[in-house]
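Please read it with the structure open beside you.

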Amino acid sequence: MIVRYWNGQDIRMIYENLRATAGNDADKARLELCYGQLLLARKYDSAWQHLDAGFALAAHLFEPDEYFEVLKRHDTLKQLLLSPAGAEAAELDALMKEASVIRRLRGERAGHECSGARHQDTID
């Protein structure tokens, strides 16, 4: 699925097939996180429905430090402007830098409000 995505092929059917055959929550979480990451790399607006679903399924599978690392990364990445048309692909480091700049320009408190964060794991 990953290779086909980066080769510019439509992978929606592959995703749907894998979703239908995923055996347990861990497999479903990996699939949703992987698919969401691919969509986010090109800033497709549908990325967060998959990333949020994958995170919810995987939350109990993470070690505590991994959980908070992913949570913090997602909070930062939620600053990105996404669209139905997407954009040129970018690596995670570039996306994180862009999202961090957007957060700084908006101001830290505005960033939390704009992101639509729904977690209650930390006190802001």
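1. Helices (H or I, at least four residues) and strands (E, at least two) are taken here as DSSP runs, numbered from the N terminus. This is a predicted model, in which local features need pLDDT of at least 70 and side-chain atom pairs count only at pLDDT 80 or more, whereas totals for chains, interfaces and linings use all residues. Residues are numbered from 1 along each chain as its sequence is written, and side-chain values use heavy atoms, with hydrogens and water left out.

2. On the overall fold, the protein chain has seven helices and zero strands, and its pattern along the sequence reads α-α-α-α-α-α-α. Contact means heavy atoms within 4.5 Å; among the contacts in the protein chain between residues at least 6 apart in sequence, 57% join residues at least 24 apart.

3. On burial and surface, I use buried for under 20% relative accessible area, exposed for over 50% and partly exposed for what lies in between (1.4 Å probe, protein chains only). By that scale, 33% of the 124 residues of the protein chain count as buried. Accessible areas come from the Shrake-Rupley method with a 1.4 Å probe, and for residues only the protein chains shown count as cover; the protein chain exposes about 7800 Å², of which carbon and sulfur atoms supply 52%.

4. Next, the nonpolar core, meaning a set of buried Ala, Val, Leu, Ile, Met, Phe, Trp, Tyr and Cys residues joined through side-chain atoms within 4.5 Å. The largest such core has 19 residues, and those that touch the most other members are L40, L51, L77 and L80. Helices α3 (25–41), α4 (47–58) and α6 each supply at least two residues of this core, with the largest share, seven residues, coming from α3. Taking L77 as an example, and not counting residues up to four places away in sequence, we find that L77 touches L40, W48, L92, L95, M96 and A99.

5. Which residues does L33 touch, if residues up to four places away in sequence are not counted? L33 lies in helix α3 and is buried, with a relative accessible area of 14%; the residues that L33 touches are H50, L51, G54, F55, A58, F62 and H74. From C-alpha to C-alpha, L33 and D52 are 8.1 Å apart in space, although 19 residues apart in sequence.

6. Two of those partners can be followed further. H74 sits in helix α5 and counts as buried because its relative accessibility is 9%; leaving aside neighbours within four places in sequence, H74 is in contact with L33, W48, L51 and F55. F62, by comparison, is in the loop between α4 and α5 and counts as partly exposed, at 21% relative accessibility; with neighbours within four places again set aside, the contacts of F62 are L33, F55, Y67 and V70.

7. Two lysines in loops deserve a look. K78 is found between α5 (64–77) and α6 (92–106) and counts as buried because its relative accessibility is 17%. Its side chain makes a polar contact (a pair of N or O atoms within 3.5 Å; within protein, one must be able to donate a hydrogen and the other to accept it, and residues adjacent in sequence count only if both atoms are side-chain atoms), the partner being the side chain of D52 at 3.2 Å. K43, in the loop between α3 and α4, is buried with a relative accessible area of 15%, and the phi of K43 is near 55°, a positive value in a residue other than glycine. Most residues other than glycine have a negative phi.

8. A56, in helix α4, is exposed, with a relative accessible area of 56%. The C-alpha atoms of A56 and A29 are separated by 7.8 Å, while the two residues are 27 residues apart along the chain.

9. Finally, which residues lie nearest the centre of the largest pocket? A pocket is found on a 1 Å grid over the protein atoms alone, as an open set of points where a 1.4 Å probe fits, with protein on both sides within 12 Å along at least five of seven lines, and lining residues have an atom within 4 Å of a point. The largest pocket is lined by 18 residues, and L33, Q37, L38, L51 and L92 lie nearest its centre. Helices α1 (2–6), α3, α5 and α6 each supply at least two residues of that lining, with α3 giving the most, six residues.
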